[in-house]
Amino acid sequence: MGCGLCEVYCTLAHSTSQDVVKAFKRERPRAVARIRVERTDGLFLPVQCRHCPDSPCVYACLTGAMHKDPWTGAVAIDPDKCSGCWTCIMVCPYGAISRDIAKGIVVKCDLCPGRDVPACVANCPNEALLWAEDGPADQRAFLARTAQERSGG
Amino acid sequence: MANTKSAELRQLPAASMTKATLPGAKYLIIGNSAGGIAAAEAIREVDGEGPITIVSEEPYFAYSRPLISEYLAGQRSLDSMLLRQPDFYERNKIEALLGTKATRIDFDRRLVELEGGRRLAWRKLILATGGAPIVPKLKGCYREGVFTFTTLADAERIGQTLQRGCIAVVIGGGLIGISLAQALVHRGVAVVMVELMDRLLATALDAEASRLVEGALRKNGLEVILGQTAKEILGRREDGRCVGGVILQDGRTIACDGVVFAIGVAPRIELAAGSAVTVNRGIVVDRRMATSCRDVYACGDAAEAYDFVHKTNRLIPVWPNAVAGGRVAGYNMAGRPTRYEGSTGMNALNCFGLSVVAAGLVDCKDDPTCEVLATSSAADGTYRRIVLKNNRIVGMVFVGDIERSGVVFGLMKDGVNVRRFREALLSPDFGLGALPDDLRRKRLPLANGQRGGASGNGG
């Protein structure tokens with residue numbers, strides 16, 4: 001339906017305050033949404049990272065920042081290594097990688113570490129976005145582990 | 001390098017270095033950068049045990065060469081330049097002979113001679129030797145303060161010489177020259193950029209995009225001199241050994257403290273020269289990245305690999321292509337037949353905050369069969385150019401808003417006919433959503449795990 005709530009909740013999930021009003025009105029720079037709803041001629045298409053099995057962004061990355069988590073198979077970014085050269089953006093066939101201009105790095109869907117279900121899926125009122133798991137490892141265990149690391153660090 | 005900070009990056013393979021004869025490697029990789037590492041990883045995907053040896057004349061773990069610019073700018077530590085985790089070699093059971101130069105290869109007896117005369121046997125070999133920066137033989141080019149800029153050692157040397165308040169002349173307005181110039185500006189060094197062509201990035205960009213990049217550089221204090229190059233390098237009045245200035249071809253003299261040549265790289269083919277390995281400008285490889293010599297492969301800046309836009313093999317010295325070629329070579333070396341899809345010239349840059357992405361045939365003045373679609377907006381500084389041939393994309397340039405350039409790149413790579421939606425290509429909203437339904441479904445499979453044409457086969 002093109003409500004764009006997935007974009008809103010993605011920004012919120014990646015905000016510092018985790019408060020929707022503060023995330024949009026106060027935080028500068030505002031957290032960049034990792035999902036985008038494309039709106040063309042009555043079509044609403046949410047686009048986010050597909051975590052490709054053969055990831056062009058990983059192979060194109062000049063620094064090793066873009067990598068495949070060996071355990072979950074998710075494509076992830078090490079923000080300390082990213083140099084903001086935008087080479088991954090050039091080769092992503094979905095247009096799913098964004099610039100975080102304030103930080104000078106790229107951002108994309110990180111599957112919301114620390115949450116059972118990504119924020120965009122959890123808040124989609126029309127169940128247009130679904131959460132499904134496949135791959136070699138247990139995603140939930142990964143999320144739980146990441147949550148512990150986040151609260152511990 | 002004497003710099004102690006480098007010690008953490010350095011590996012000292014003392015045990016293996018002391019042996020006069022080294023155990024043979026099933027897989028020998030010469031080169032420890034983009035192509036060599038990609039080949040090693042691909043080999044390990046297929047063959048978990050076969051002994052791999054990497055030989056590299058640089059004494060470090062693989063690092064990201066493009067990051068030497070941020071390192072020189074003082075914005076990046078050596079640690080964060082590592083391409084892989086420090087345990088990469090150990091975990092993948094790779095013997096790394098770092099700081100060791102391969103001096104000669106006997107392709108018949110399958111031996112490589114290392115510096116100091118030690119020899120190493122191999123069964124499969126890949127030459128991932130990269131490129132060497134070109135330095136023209138000018139009067140005075142031996143002076144201290146004449147540099148190139150492709151390695152960490154180069155960055156260290158430049159950093160020792162060019163401090164705040166110095167003046168540097170950068171010869172060459174290509175990608176390396178521009179990334180260097182940005183680093184020098186961050187160091188407080190005044191930069192004069194001299195480019196032989198009538199515009200910057202002349203091989204990567206079209207004239208309009210070149211103009212935008214030039215504007216960004218000038219806005220950040222660079223002096224840009226076009227249509228010129230160095231004729232002679234002058235010594236300093238008080239000490240003739242050191243650089244004191246540059247004379248350009250038009251006779252102009254620029255006083256400076258250092259000169260950096262960034263006019264391109266030449267493939268390092270010396271190990272293949274005079275052998276059964278066919279060499280053109282670079283090492284010639286087929287679509288498996290195999291050379292004319294059995295069990296010998298090549299990739300990266302040293303190799304002439306397939307270009308899907310030009311539909312021929314050519315030198316394309318850019319990082320992503322080295323990785324793509326190295327992977328294909330690695331799979332084939334380990335016995336998994338894989339075909340190189342081909343790549344093309346592609347560059348992305350962030351020039352003082354100006355985002356630029358360009359790939360393929362961006363300038364097509366000589367080709368009447370090409371059509372150019374272009375749009376620009378002075379208001380937000382965006383520029384977009386798509387080059388078509390028979391309704392297929394053969395080139396693209398995005399400046400400013402680059403975020404969906406990859407969708408266009410994918411259409412170009414897969415040779416998709418864009419006749420039905422070509423007008424939409426220039427729209428600021430263009431993305432997968434703007435494609436006709438059938439094509440969009442093909443390129444954006446909805447169920448997880450399914451694969452469409454868009455992600456390619458990576459091989």
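Author: The following account treats one sheet of chain B and the helix beside it. This is a predicted model, in which local features need pLDDT of at least 70 and side-chain atom pairs count only at pLDDT 80 or more, while totals for chains, interfaces and linings use all residues. Residues are numbered from 1 along each chain as its sequence is written, and chains are lettered from A and ligands numbered from 1 in the order in which they are written.

The sheet is open and consists of five strands of chain B, in the order β8-β15-β9-β10-β11, with parallel pairing. Strands here are DSSP runs of E with at least two residues, and helices are runs of H or I with at least four, numbered from the N terminus. Two strands pair if DSSP finds at least two bridges between them. At the edges lie β8 (146-148) and β11 (223-226) of chain B, each of which pairs on one side only. From one strand to the next, the twist averages 20°.

Within this sheet, strand β9 (residues 167-171) of chain B runs parallel to strand β15 (residues 258-261) of chain B, and four bridges join them. B:Ala168, for instance, has B:Gly258 in β15(B) as its bridge partner.

Helix α5 (residues 152-161) of chain B packs on the sheet and touches β8 and β15 of chain B; contact requires C-beta atoms, placed from the backbone, to lie within 7 Å. The direction of α5 makes about 145° with that of β8(B). Such angles run from 0 to 180 degrees between N-to-C directions, with axes fitted as lines to C-alpha atoms, for helices over the stretch in contact.

Terms used. Contact = placed C-beta atoms within 7 Å.
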